[in-house]
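Please keep the sequence and the coordinates at hand.

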Amino acid sequence: YYLPMPLDMVEFEFTIPNPNSGVPMASDNYCDPEYADWFSSNDAKIYVTPLEDPSNTHVVTFYDFEGNVIAEIEVEDGEAVEAPEVPETVTVDGVTYVFYGWDGEFGAVTEDVEIRPVYYMMMDVDMDGSLTAADALLALRYSLGLAELSDFQLGLADVIADGQITALDAVTILRTVLGII
């Protein structure tokens with residue numbers, strides 16, 4: 001039988017069942033041998049000793065771009081964790097990815113968590129995970145004052161790396177999408 005209870009519970013009371021109920025009971029006259037160590041007819045209590053001290057710590061596991069563990073940090077319940085450093089950019093097969101942030105919260109940890117970095121492909125201006133003509137169009141619309149971009153999106157769109165988003169950035173994105181570059 002399994003009796004779930006908090007680890008800090010060390011004692012509770014119970015009622016010994018009626019001998020005619022068919023439930024094993026403890027008394028001065030009889031105790032089912034299978035349950036003999038569980039019952040005491042003297043005080044009608046079961047004593048439970050925790051196997052280990054209850055712990056209020058959690059493990060936060062951080063991963064890198066490729067899915068490898070880069071840090072496992074133990075933290076007290078409700079405390080914050082400082083994230084490890086990760087590269088701002090990662091290049092794989094000629095494609096550059098830019099670090100955006102982390103995929104989970106770790107400011108007030110209340111359970112074990114796994115945290116992965118979020119990277120976006122350079123030129124993926126609409127941040128949908130793929131490089132398409134829509135990214136070039138969004139960059140062009142921004143350069144004409146017809147669209148707004150977040151600071152992060154501005155970094156993704158600034159292909160020429162001159163601090164401005166112009167039609168040249170949009171054309172470069174489109175040429176990349178078409179495989180001309």
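Glu74 lies in strand β4, which covers residues 69–76. Strands (E, at least two residues) and helices (H or I, at least four) are DSSP runs, numbered from the N terminus. The model is predicted, so local features need pLDDT of at least 70 and side-chain atom pairs count only at pLDDT 80 or more, while totals for chains, interfaces and linings use all residues. Residues are numbered from 1 along each chain as its sequence is written, and side-chain values use heavy atoms, with hydrogens and water left out.

The chain has 8 strands and 3 helices. Along the sequence they follow the pattern β-β-β-β-β-β-β-β-α-α-α. Of the 181 residues, 27% count as buried. Here buried means under 20% relative accessible area, exposed means over 50%, and partly exposed lies in between (1.4 Å probe, protein chains only).

Strand pairing can be followed through β6. Two strands pair if DSSP finds at least two bridges between them. Strand β5 (residues 89–92) and strand β6 (residues 95–102) pair in the antiparallel sense over 4 bridges, and Val92 stands opposite Val95 in β6. These two strands form a hairpin with 2 residues between them. β6 also pairs with strand β8 (residues 117–121), in the antiparallel sense and over 5 bridges. Phe99 has Tyr119 in β8 as its bridge partner.

Asp93 counts as exposed because its relative accessibility is 79%. Met127 also has a positive phi, near 55°, and is not a glycine. Met127 is in the loop between β8 and α1; it counts as buried because its relative accessibility is 18%.

Side chains of opposite charge can pair when their charged atoms come close. The rule for a salt bridge is a side-chain nitrogen of Lys or Arg within 4 Å of a carboxyl oxygen of Asp or Glu. By this rule the count comes to 1. The side chains of Arg116 and Glu114 meet in a salt bridge at 3.4 Å, N to O. Arg116 is partly exposed because its relative accessibility is 35%, and Glu114 is partly exposed because its relative accessible area is 48%.

Surface patches are made of residues with over 30% relative accessible area and no salt bridge; like charges are joined within 9 Å, and nonpolar side chains (Val, Leu, Ile, Met, Phe, Trp, Tyr) within 5 Å. Asp and Glu count as negative and Lys and Arg as positive, while His and the chain ends are not counted. A charge is placed at NZ of Lys, CZ of Arg, CG of Asp or CD of Glu. Glu74, Glu76, Asp77, Glu79, Glu111 and Asp112 form a negative patch. Glu74 counts as exposed because its relative accessibility is 60%.

A nonpolar surface patch is formed by Leu137, Leu140, Leu144 and Leu146, with about 390 Å² of accessible area together. Such areas come from the Shrake-Rupley method with a 1.4 Å probe, and for residues only the protein chains shown count as cover. Leu146 is in the loop between α1 (133–143) and α2 (151–157). With a relative accessibility of 54%, Leu146 counts as exposed.
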